[in-house]
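The sequence and structure are shown first.

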Amino acid sequence: MLFGRSKKNPISISDKGVVDWKYGTCGYCSVGCSIEIGLNAEGKPVTTRGVGGADVNRGKLCIKGLTEAQIFEASGRGTTPLIRDKIFEDWQETDWDPALDRVASEFKRIQKQYGRDALAVISTGQIMTEEFYTLGKLVRGVIGTNNYDGNTTLCMASAVSGYKRSFGSDGPPGCYGDFDHTECLLAFGSNLPEQHPIIYWRLKQALEKRTFPVIVIDPRVTMFAQMADIHLPITPGTDLVLLNSLAHVIIDECLHDKTYIDLHCNGFDELAELVKRYDPTTAAKICGIDEDTIRHVARVYAKAGAAMSIWTMGINQSTHGSDGVCAINNLNLITGNIGIPGGTSLSITGQCNAMGTREWSSCSGLPGYRVLENEHHRQEVGNFWGVDPEFFPEKRGLFQTDIFPAIETGQIKALWIVATNPMTSMPNSPRIRKTLEKLEFCVVQDAYRDVETTQFAHVFLPGAVWAEKKGCFTNTERRVNITLPVAPPYENSKPDHWIFSTLAQRWEQGQNMHFPEDTADIFEEMKQLSVIDDSSKGRMLDISGMSHELIEKNRGLQWPMALGDTSGSPRLYSNGVFQFADGKAKLLAMPYIENNECPDQEYPFWLNSGRVVEHFHTRTKTGKVGNCNKFSPTAYMEINPDAAAELGVEQMQYVRLVSRRGDAVVLAQLTHRVPYNMVFIPFHFHECVNRLTLGLLDPYSRQPAFKQCAARIESIDQAEAARMNTELRKF
């Protein structure tokens, strides 16, 4: 008798007829996996594989990377520019010159009639860094609107704000290699196995070599929480309370590193006084973690020889997101866990090049972490670009989340949306729909014509996908890696940097500036700008030692990397010098203010959201990949079996989920992964979660609180629900 594997068919991998492999970097999340794309005899990309010699992923890929070759000729690709006079009318195909002429003339008309800032630009985290730089050069140096932001405001703005408030600059200070050295890991609002599978694999590799405690703070019993040594199922939105309480225990029990604090930090006395209000007994009643557990976690963390903290959207997407990041930084600073192997405060970014837009796009200021508020920075960039520094505004304009209310009030009349999809990604999508209808002129630039936001556009510009062009991404650990073109742009689509540079020529000022055609030349320009500085200490974001050739040869290089260096720097602040004028970090005393929308009698459930491993953001790409859809085909809701039983909800039954903003029809999945008073929905589906979310904003980062709102569950006719769900997915 045969048992086990011998009874089953052996695993086989079909021969895709690959005759050549081209190097690239995965175009999905921020892990930054090195990837090779296989081409068949006709030169078409047919498959992918991980690169064994690359430090980040060491040959591994997740399901999205393994199926990435399927996006090149997927349904819905933009084939040629489209124009129309009114939204919802039929599109007319056109060529690039008429389309760009229309865009330029409408931008000029609106700015002349209403003022320069009546035009807004919302960018992405998914084009090449060289393209981000070119777009920033166009928007800041030619078009001149100050209402310019990236959709990274929806995911990483609180991390950016927190780094700036604590350390004086953006820039994650640690690296993946810290897993190999740490003696304690705190993970806040992060579900690594589904959000960043390859980073999770790196962690598991480190744990196989030696053990250290892994502590996961998350309201939901995620896959990560299930493998953790300690899981803290915190009350949504109360991370700051827990973090202040951990700091209270560390200081109260003299577990802090006084020497490091005296040498490298300001604000300790104010922090120590503030956290006295957050003793574990008091904090437990707010955050839902019992006082003994708070004390135990604080001691484990503080007594470790090296301890690191990681987080993702669970911290950032909150009205206390920026404060939460600063409070994480506080813990690392008071224990001396910054800039040492295994000791770091590491935000794990969402999009493949969210770091590139933070560094070089000029969304929040000027390239290279320069700020508009600094006169010397305006002069540096103006002189380098050949632009009068007086042309630049003296402070940053509206964040993405403030741009939409400004459309509602008539302050903004035109909108250019580049490779992002706010009709699905923004909270309270019924409101966003009404807002977009108010625009006089809207441009959507995307690789796919069928993104939901395109229905509100007057011009559609088809962009090339990631491996139809050459350029760099920066990953979570500041590693710059390159993608080589494996195929020409699809039909009449164009690389984004070509679109930006060609559009710039429609302005006299753009004709007088230099816009390189080749991305390698753009990178060389960025290198020069990375070392121009108004002070003697130089710039932290130094890429002058890099080149496209060196990046490809080394399978990625981390900044800072100065001219003459043979490798990049894995960590920031190893010398204890931070980016404030006095070189010291700031410990911040931050009280918790309760402003969440909490469950009540009418809306008794917390509504939580997050990723699933098969999909990426609004499914613009993964929604077209068979294997990704096969395993996660439709919107669903996780609900606790006890709560479901009380409501009469059965497994895989349609229900209507209702909030104060709107409703959504979802399939119920009964699971103990969520507590009795919570439901969880993946955020990828247009017809679902953001019809419900509140989107209160963090006061510093202006990032929405996607994860803290209240909902109720209603029964619905099953046949009608199936029909409604099908109809909703059309829009």
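## Salt bridges

Lys276 forms a salt bridge with Glu273, with 3.2 Å between the closest N and O atoms. A salt bridge here is a side-chain nitrogen of Lys or Arg within 4 Å of a carboxyl oxygen of Asp or Glu. The model is a predicted one: local features need pLDDT of at least 70, side-chain atom pairs count only at pLDDT 80 or more, and totals for chains, interfaces and linings use all residues. Residues are numbered from 1 along each chain as its sequence is written, and side-chain values use heavy atoms, with hydrogens and water left out.

Lys276 is exposed, with a relative accessible area of 53%, while Glu273 counts as partly exposed at 49%. The cut-offs are under 20% relative accessible area for buried and over 50% for exposed, with partly exposed in between (1.4 Å probe, protein chains only). The count of salt bridges comes to 38.

## Pairs between distant parts of the chain

Arg109 and Glu440 also meet in a salt bridge, at 3.1 Å from N to O. Arg109 lies in helix H2 (residues 96–114) and Glu440 in the loop between helix H19 (429–436) and E15, so the pair ties together parts that are 331 residues apart in sequence. Helices (H or I, at least four residues) and strands (E, at least two) are DSSP runs, numbered from the N terminus. Arg109 is partly exposed at 31% relative accessibility, and Glu440 is partly exposed at 29%.

A further salt bridge joins the side chains of Arg660 and Glu597 (3.3 Å, N to O). Arg660 is in the loop between strand E23 (654–658) and strand E24 (663–670), and Glu597 is in the loop between strand E20 (585–586) and E21, 63 residues apart. Arg660 counts as partly exposed at 40% relative accessibility, whereas Glu597 counts as buried at 13%.

## The largest pocket

The largest pocket holds about 900 Å³ of space. It is lined by 42 residues, and the closest to its centre are Lys164, Asp170, Tyr369, Arg370 and Val371. On a 1 Å grid over the protein atoms alone, a pocket is an open set of points with protein on both sides within 12 Å along at least five of seven lines; a cavity is a set where a 1.4 Å probe fits but cannot get out, and lining residues have an atom within 4 Å of a point. Grid points are joined across faces, edges and corners, and a volume is the space filled by probe spheres set on the points.

Strand E7 (147–150), helix H4 (157–167) and helix H15 (354–360) are the elements that give two or more residues to the lining of this pocket. H4 supplies the largest share, five residues.

## Cavities

There are seven cavities of 30 Å³ or more. The largest cavity has a volume of about 620 Å³. Among its 38 lining residues, Gln126, Asn151, Gln351, Phe616 and His617 are the closest to its centre. Helix H18 (422–425) and strand E15 (441–446) are the elements that give two or more residues to this lining.

The second largest cavity has about 240 Å³ of space. Of its 22 lining residues, Asp218, Pro219, Gly314, Asn608 and Lys707 lie nearest its centre. Helix H13 (313–316) and strand E21 (605–610) each supply at least two lining residues, and the largest share, three residues, comes from E21.
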